[in-house]
Amino acid sequence: GQAVGILGIAATNVAFPLSTICVSVNVLLGIGSASNFNLKQGAGDKEDASYIAGHSMSLAVILGLGLTAIAQIFLTPMLTMFGATETVMPLAQTYTRITSLGIPFLVITMVCMHMIRADGNPTYSMFVILSGAVFKVIFTPIFLFVFGLGMAGVAWTTTLGQILSGTIGLVYMVKRFKSVPLKREHLRLQAKYVKMIFSLGIAAFFNQIAMTLVQITMNNTLRIYGAESAYGSDIPLACVGAITKVIILYMAFTVGVSQGCQPILGFNYGAKNYQRVKDTLKLAVIAASVISVIFFCLFQFIPQHIMGLFGSGDPLYLELGAAFLRTYTFMTFINGIQPVCANFLTSIGKAKLGILVSMTRQIIFLLPLILILPMFFGVTGVMFAGPIADSAAFIVSITLVISQLRLMTKLQKQASPLLEGMPAVP
């Protein structure tokens, strides 16, 4: 933001829907594979677990290459659909044309992370993603300020970081994966295992696709209604671009908590150790809530400072950005619950309920509000869409999870006479 200005931030915002599409494929394969893998391990079925692990790698390569091809072929019409203005389009094209080359490695990275964590090595899983992130943190300033590459420099460090992370993840899967044997035959796709992976990853997939639709709608809404305001079209796009990155930082913590407990939930549910499942869910809810309250305080009390990190040259940008951040994130203190609930339902094999929870905020509530409220309140209407949708999604998520916990309590009571005298599940 300091190097390329608010137009550069707007350009990354316009390109962001492609990132969420990639993430949707990442979680479809990563969560779908890891959830099935842990459920099969908990049930003692190592043969199916091996096929799940192998299929996750094959699907990552195939879908990653497919996304790159689509992005390269349909670059300009895609960015137009994503809400690019005439002034933002050249920067968005430069950025997206380069970053799309790293998509296959991005998909491989995320799938490897899930599988490595499911293999019982969360430290190496963290190292996989941190390697590329640290690379980008170190080399982005060099590419920007030493070589003067501008948007292309930002894009190249992103792509090279993804290649580094993907390579490190693949090395582990080939050389160090220990839970089950991985052979060449496990890489050959079979409809049975593809369906299994997709069935448990589809909830998280829909959640990310919903985010994409919301982002595209928001960009185009801000472009239209921003042109009618004192801010113009580019400043609202830049503000939302910066705010989106801040929210991603916050969600990284809450999603990390929810996905971090996935192997524990899946394994113990498969092994019928329901008390361990309940205890894990409770701990995840507490952790996500504490994180959410901390970020809520930051968003409400120092929004000007946060927006200033992404660019401080235009007073209108800081004015709108601070108001937008404070209003749009007003219900942040409860937002960590939804990803925990969605992941909980998916981890115990309740894919349909997981899809419903994933869709509530983005599709059922937020998307209609973004379309309707600006008709009456202009750009301000987009701000208020966030907290209204967050509140409604929270109620739905809690209601569905409580119903599953009650069902689990009944199963626990039915199973307790049969488990008397048996050793506890580790």
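Predicted model: local features only at pLDDT ≥ 70, side-chain atom pairs only at ≥ 80, totals over all residues.

Colleague: What makes helix H15 mostly covered?

Modeller: Buried means under 20% relative accessible area, and 11 of the 11 residues in H15 (residues 337-347) are buried, including Gln338, Asn343 and Phe344.

Colleague: Why are H8 and H16 called roughly parallel?

Modeller: The axes of H8 (residues 191-226) and H16 (residues 351-377) come within 8 Å and cross at roughly 5 degrees; angles under 35 degrees count as roughly parallel, and therefore H8 and H16 are given that label. The residues of the contact of H8 with H16 divide into 21 nonpolar, seven polar and no charged.

Colleague: Why does Lys272 count as partly exposed?

Modeller: Partly exposed lies between the buried limit of 20% and the exposed limit of 50%, so Lys272, at 48% relative accessibility, counts as partly exposed. Lys272 is placed in the loop between helix H10 (262-270) and helix H11 (274-301), and Lys272 has a positive phi of about 65 degrees although it is not a glycine.

Colleague: What makes Ile129 partly exposed?

Modeller: Ile129, which is found in helix H6 (residues 122-146), has a relative accessible area of 33%, and because buried means under 20% and exposed over 50%, Ile129 is partly exposed. Patches are made of residues with over 30% relative accessible area, and Ile129 belongs to a nonpolar surface patch, with Met126, Leu130 and Phe139 among its other members, that has about 860 Å² of accessible area together.

How values were computed
Residues numbered from 1 in each chain as written. Heavy atoms only, no water. Axes fitted to C-alpha atoms, helices over the stretch in contact; angles between N-to-C directions. Helix = DSSP H or I, 4+ residues; strand = E, 2+ residues; numbered from the N terminus. Parallel < 35°, antiparallel > 145°, perpendicular 65-115°, else oblique. Nonpolar A, V, L, I, M, F, W, Y, C, P; charged D, E, K, R; others polar. Patch = residues over 30% accessible without salt bridge, like charges linked within 9 Å, V, L, I, M, F, W, Y side chains within 5 Å. Areas by Shrake-Rupley, 256 points an atom, 1.4 Å probe, with all protein chains shown as cover. Salt bridge = Lys/Arg side-chain N within 4 Å of Asp/Glu carboxyl O. Buried < 20%, exposed > 50% of the residue type's maximum accessible area, 1.4 Å probe, protein only.
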